[in-house]
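Here's a quick briefing to read alongside the coordinates. Have the viewer open as you go.

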Amino acid sequence: MNSILFDIGATKIRIAYSMDGEIFETPKVFLTPKSYDEGLKIFTETAKELAGSREIKTIAGGMSRSVWGDPEKLKNDLDRNFGVKVLIENDAAIVGLGEACWGAGRGFEIVAYITVSTGVGGARVVDGKIDEKAVGFEPGKQIIEAESGKTLEDMISGKALQAKTGKSPKEITDEGIWNNHAWLLAVGLNNIFVEWSPYVVVLGGSMITGTPSISVEKTEEYLKDILKIYPQLPVIKKAELGDFGGLYGALAFIKIK
């Protein structure tokens, strides 16, 4: 396969090289620069360093639109710099694909992936492929509070929590705050379940997998009181692939493209 895999998030960029399309070598991880030009320079240099004298046939991965704007610019610049096929998808969708094919969603036909970190994102994965969409999946933008227009992201993201408390989520030890986030997440998941009808939902992101974090068990407990239309809840699982879900997703993305 001789591929460069990447995951460009709001906080970190992860890049790795895969020779066979089944595994990837030790990734390089660095903080996401605010400047697009600096980011492109680091990406290009890192990709060439990881490949060494080996060929690069494909570059694939996910990118958050909130980082540097339209991903098409990065696609065009990478195409110009490397002269190879470049595949770019939303970063949350790529991580979701990774969890569906390699992680907690493996073995389920319809997977809903929701990430709660700096923001809230996610995607629906069906039969090992990111589901068709007209524009893109934005589950974090669902309106939870009708009068104020506040979205799920406005209410449970790490960015929102820090703005509200003046503290990093890692510093929040008040159990009541985390339980409230679990309840709000349950409300959001109710909406996602009745619209996407998944067999399993995989919850990821630093607000779920970090310490302290939103309790998956508490979220499920609240959901049992909220979601009454189905005889049973979809399976709810915590993401398994850690920081490199997007790189696993990129491997799967190349195969289906």
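Predicted model: local features only at pLDDT ≥ 70, side-chain atom pairs only at ≥ 80, totals over all residues.

Residues are numbered from 1 along each chain as its sequence is written, and side-chain values use heavy atoms, leaving out hydrogens and water.

**L241**
- L241 sits in the loop between β12 (235-238) and α10 (245-256); helices (H or I, at least four residues) and strands (E, at least two) are DSSP runs, numbered from the N terminus.
- Its relative accessibility is 15%, so L241 counts as buried (under 20% relative accessible area, with a 1.4 Å probe and protein chains only).
- Leaving aside residues up to four places away in sequence, L241 touches G98, E99, W102, G103 and Y248 (contact means heavy atoms within 4.5 Å).

**Helix α10**
- α10 is mostly covered, with nine of its 12 residues buried; among them are L247, L251, F253 and I254.
- Those buried residues pack against several elements, including β1 (3-8), β2 (12-18) and α4 (91-102).

**α1 against α3**
- The axes (lines fitted to C-alpha atoms, for helices over the stretch in contact, with angles from 0 to 180 degrees between N-to-C directions) of α1 (residues 36-51) and α3 (residues 71-82) come within 11 Å and cross at roughly 40°.
- On the α1 side, Y36, L40, F43, T44, A47 and K48 meet K73, L74, D77, L78, N81 and F82 in α3.

Methods:
Buried < 20%, exposed > 50% of the residue type's maximum accessible area, 1.4 Å probe, protein only.
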